[in-house]
Amino acid sequence: MTLHDLSHPLWAGMPKIPVLPEVERHQITAIADGAPLDISSITLALHVGTHVDAPSHVVPGGTPIDRVPIERFHGRAVVAAVDRKPGEEITVDDVLAGGPEPRRGDFLLLHTGWGERFTSEDYGDHPSLSVELAAWAVERGIPFVGVDMITPDLPVHRRGPDFDFGVHRTLLGADVLIAENLTGLAPLAGRHVALRAFPLAVRGGDAGPARIVAEEIDS
């Protein structure tokens with residue numbers, strides 16, 4: 001069995017969308033200071049780092065992350081390689097050219113290469129999914145979409161005053177889960193994998209930090 005960790009670690013000051021507070025880590029007790037145990041805490045917004053969005057993120061009264069059935073977080077996935085520049089839209093044709101065509105029930109992961117830029121200044125300027133692609137995923141019965149970007153929607157600085165989070169609303173409004181800030185997809189591009197994407201069950205949470213892992217499979 002070959003496993004690939006598709007998750008970023010969490011650390012104080014890590015990259016995030018500007019509106020979110022900084023990630024903080026605090027040492028509560030330390031062996032170095034004579035305590036019997038090392039104990040620390042971390043404070044973070046649920047949408048920092050590798051995480052899974054729940055429908056309640058955009059749908060009033062939608063399902064929170066702790067109420068999403070556990071079986072929704074694992075399945076067979078297609079990893080599509082996409083070559084798009086910042087501000088460009090990722091289309092259905094891009095997905096179909098970048099990997100096997102997803103079957104109904106398959107998860108869809110997009111490898112754009114932005115996961116490797118996580119700590120760079122240009123990480124926040126990335127391609128985005130077209131709303132048409134999001135609608136196609138819903139129509140195809142794809143229950144889970146994962147991206148190696150900070151959001152599948154337009155980069156924050158490219159949004160106009162009437163921006164309405166069309167990709168999020170299309171996917172989550174149809175109960176299609178979204179994973180953001182994936183990494184390590186390069187060796188899996190163009191292949192099928194078995195995905196395990198279990199988020200923390202934050203009670204009433206609009207998202208959950210997740211350790212997302214892919215297993216290589218033949219088909």
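**A histidine and its surroundings**

Author: Happy to! Let's start with His 168: leaving aside neighbours within four places in sequence, His 168 is in contact with Asp 53, His 57, Val 58, Thr 151, Pro 152, Asp 153, Gly 173, Ile 178 and Glu 180. Contact here means heavy atoms within 4.5 Å.

Reader: What kind of model is this, and how are residues numbered?

Author: This is a predicted model, where local features need pLDDT of at least 70, side-chain atom pairs count only at pLDDT 80 or more, and totals for chains, interfaces and linings use all residues. Residues are numbered from 1 along each chain as its sequence is written, and side-chain values use heavy atoms, with hydrogens and water left out.

Reader: Is His 168 buried or exposed?

Author: His 168 is buried, as its relative accessible area is 4%. Buried means under 20% relative accessible area, exposed over 50%, and partly exposed in between, with a 1.4 Å probe and protein chains only.

Reader: Which side chains make a polar contact with the side chain of His 168?

Author: The side chain of Asp 53 does, at 3.2 Å, and so does the side chain of Asp 153, at 2.6 Å. A polar contact is a pair of N or O atoms within 3.5 Å; within protein, one must be able to donate a hydrogen and the other to accept it, and residues adjacent in sequence count only if both atoms are side-chain atoms.

Reader: Switching to His 47: what does it touch?

Author: Not counting residues up to four places away in sequence, His 47 touches Leu 20, Asp 53, His 57, Asn 181, Asp 206 and Ala 207. With Asp 206, the side chain of His 47 forms a polar contact of 2.6 Å.

Reader: And where is the place of His 47?

Author: His 47 is in the loop between β3 (39-43) and β4 (51-53). His 47 is buried too, with a relative accessible area of 15%.

Reader: Zooming out, how many helices and strands does the protein have?

Author: The protein has three helices and 12 strands. Along its principal axes, the C-alpha trace spans about 60 × 50 × 35 Å.

Reader: How much of the protein do buried residues make up?

Author: Buried residues make up 47% of the 219 residues.

Definitions and conventions
Helices (H or I, at least four residues) and strands (E, at least two) are DSSP runs, numbered from the N terminus.
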